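Dear colleague,

Please find the structure below, handed over for your review.

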Amino acid sequence: MTHFKELVQQRRSCRQYTNQEINAEDVTLLLRAALMSPTSKNQRAWQFIVVDNKLTLEQMSDAKEQGSHFLKNAMLAVVVLGNSTENDCWIEDGAIAAIAMQYQAEELGLGSCWIQIRGRGLTDGTTANEVIKGILNIPDEYNVLCVVAFGYKAKERKPQNEEALLWENVHIDKF
């Protein structure tokens, strides 16, 4: 097991993946991390859709103008959903679940990248949320926060640079 301080330093967004499939046990561990993540009032009201179909991943990669095209080369994606009428903290709860999966992926030697869906879209005015909901047949009451892409890293990135940390952005007791 990797120490958390090392895991945090190592985890970087990965947008290039090999063709190696992710085994079922590792997929289960990714989802376990999401399902164990803390939620407001312990509601656990998020929903997750696992996508490994290459055609579906390719369709989803065109959900917005920028920042999602690499999804077609991922081996797996997890779509993070919430229902705002059911949970006023669906965005926060979904974000915590997504990052929990990303840290689990790093520990497993997998690359991952968050793809923002909420608030993004196409130049014709179609929202990325509408596109993803249409592709995956998501009920009206749910909205997509993000898609997290996963795969084995095609190339390694350097760890976060400890020297570049913005400690001046940390304030004690007052701003």
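A cavity here is a set of points, on a 1 Å grid over the protein atoms alone, where a 1.4 Å probe fits but cannot get out, and its lining residues have an atom within 4 Å of a point. Grid points are joined across faces, edges and corners, and a volume is the space filled by probe spheres set on the points.

Please note that this is a predicted model, in which local features need pLDDT of at least 70 and side-chain atom pairs count only at pLDDT 80 or more, while totals for chains, interfaces and linings use all residues. Residues are numbered from 1 along each chain as its sequence is written, and side-chain values use heavy atoms, with hydrogens and water left out.

Two cavities of 30 Å³ or more are present. The second largest cavity holds about 40 Å³ of space, and its lining consists of A45, W46, L81, G82, N83, N87, W90, D93 and G94. Two or more of these residues come from each of β2 (76-82) and α4 (90-107), and α4 gives the largest share, three residues. Helices (H or I, at least four residues) and strands (E, at least two) are DSSP runs, numbered from the N terminus. By class, this lining has four nonpolar, four polar and one charged residues; Ala, Val, Leu, Ile, Met, Phe, Trp, Tyr, Cys and Pro count as nonpolar, Asp, Glu, Lys and Arg as charged, and the others, Gly among them, as polar.

The largest cavity has a volume of about 60 Å³. Its lining is made up of Q10, R12, S13, C14, E106, K153, K155, E156 and R157, of which six are charged, two polar and one nonpolar.

W46, named above in a lining, also pairs with F48: the two rings are tilted, 5.2 Å centre to centre with 45° between the planes. Rings of Phe, Tyr and Trp (its six-membered ring) pair if their centres lie within 6.5 Å, and planes under 30 degrees apart count as stacked, over 60 as edge-to-face and the rest as tilted. W46 is buried, at a relative accessible area of 8% (buried is under 20%, exposed over 50%, partly exposed in between, with a 1.4 Å probe and protein chains only).

Two backbone positions also deserve mention. Most residues other than glycine have a negative phi. R44, in the loop between α2 (24-35) and β1 (47-51), has a positive phi of about 50° and is partly exposed at 37%. N137, in the loop between α5 (128-136) and β4 (143-152), has a positive phi of about 60° and is exposed at 69%.

Yours sincerely

How values were computed
On a 1 Å grid over the protein atoms alone, a cavity is a set of points where a 1.4 Å probe fits but cannot get out, and a pocket is an open set with protein on both sides within 12 Å along at least five of seven lines; lining residues have an atom within 4 Å of a point.
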